[in-house]
Amino acid sequence: MIFKDYYKILEIDDNKVTMEDIKQAYREQAKKYHPDVNVGDIKAEERFKDINEAYQVLSNGVTRRKYDRMWNTHIGNKRKKQAYEESKRSADSVFSDFFNMFFGNMTQATENKKSGQKNVPIKGENVETAISISVIEAFYGMNKKISLRTVDGKMKTFNIKVPAGIRDNEKIRLIGQGKAGQNGGKNGDLFIKIQIEKDSKFELVGYDLYTSLYLTPWEAALGTRVNLDAIDDTVSIYIPAGIESGEKLRIPGKGYKDGKGGRGDLTASVKIMVPKNLTKEEKELYEKMKEISKFNPRNRE
């Protein structure tokens, strides 16, 4: 059995280092030799396995102390520049015999997948897509048909049930509707992300709903009581005299479902609408107001 210098693998000079030094060295080496940045490089892949093996031993206080006794015997603390020899590993394990002294024999299904062994069930990959629904559809829930193109180029229709009160970007999982498994493995799953878009009446922000409240100039000037359409009800609200466009009125408990039996709030933003086509009588009244009113918004401080 070839003794493996785990400190050298992590490019640490000796064993007089802290646990934080070991973690930092591991992160640097793992990033450098990760298979994703060394595609097809067999040597980098083997080095990456050694790096993980070294870290698992040295990051554990018990196994590190056991290893350090062996390290002192073979190498000592004199920083010898001993060349590292990579040991040959069997195809069915990412761990060396030396590593197994500390953790025992560990065979992993992921390695079987990499080595291409036959008859090993491999689960298919998950697939994710997204659909958009309105605030009202999300609030009440709905049954919806969606059509997706599968990996073989064919269109497939799925029936999904969107639960009432679903959150924005929440995912619905369809088990077994992802990519096909191999060698008898289970199919992957299909995840459908629900994106809630504002509609003509409501916009969702967190658990709160936002809407517009349209008033006539005289309603805003004199104050009144009006009916406002909430998402599941009609509420009567008082409009104070002199309210202006852009002011907001909050109606507690009339917002979106919070998933705990409660509701957010409904906020109505006031918008004062001026009639475009005035009758003769209306025009005369506006002319009279122009003559008698002392209000000038351009002179406000």
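So, L215 stands opposite I272 in strand 11. This is a predicted model, where local features need pLDDT of at least 70, side-chain atom pairs count only at pLDDT 80 or more, and totals for chains, interfaces and linings use all residues. Residues are numbered from 1 along each chain as its sequence is written, and side-chain values use heavy atoms, with hydrogens and water left out.

Back to the strands. Strand 7, residues 208–215, runs parallel to strand 11, residues 266–272, and the two pair over seven bridges. Strands here are DSSP E runs of at least two residues, helices are H or I runs of at least four, and both are numbered from the N terminus; two strands pair if DSSP finds at least two bridges between them. Both belong to an open sheet of four strands with mixed pairing, in the order 6-7-11-10. At the edges sit strand 6 (203–205) and strand 10 (248–251), each pairing on one side only.

A pocket is an open set of points on a 1 Å grid over the protein atoms alone, where a 1.4 Å probe fits, with protein on both sides within 12 Å along at least five of seven lines; lining residues have an atom within 4 Å of a point. Of its 18 lining residues, P217, A221, Y286, M289 and F295 are the closest to the centre. Which element gives the most to that lining? Helix 9 does, with five residues.

Now the rings. We get six aromatic pairs, counting Phe, Tyr and Trp (its six-membered ring) with centres within 6.5 Å; planes under 30 degrees apart are stacked, over 60 edge-to-face, and the rest tilted. Y7 and Y67 make a tilted pair, 6.0 Å centre to centre with 50° between the planes. Y7 is in helix 1 (residues 6–9) and Y67 in helix 4 (residues 61–74), so this pair ties together parts 60 residues apart in sequence. Y7 and Y67 are both buried, meaning under 20% relative accessible area with a 1.4 Å probe, protein chains only (exposed is over 50%, partly exposed in between). Then there's Y26 with Y55, a stacked pair at 4.1 Å centre to centre and 15° between the planes. Y26 and Y55 are buried too. One last thing: ring pairs link Y6, Y7, Y67 and W71 into a cluster.
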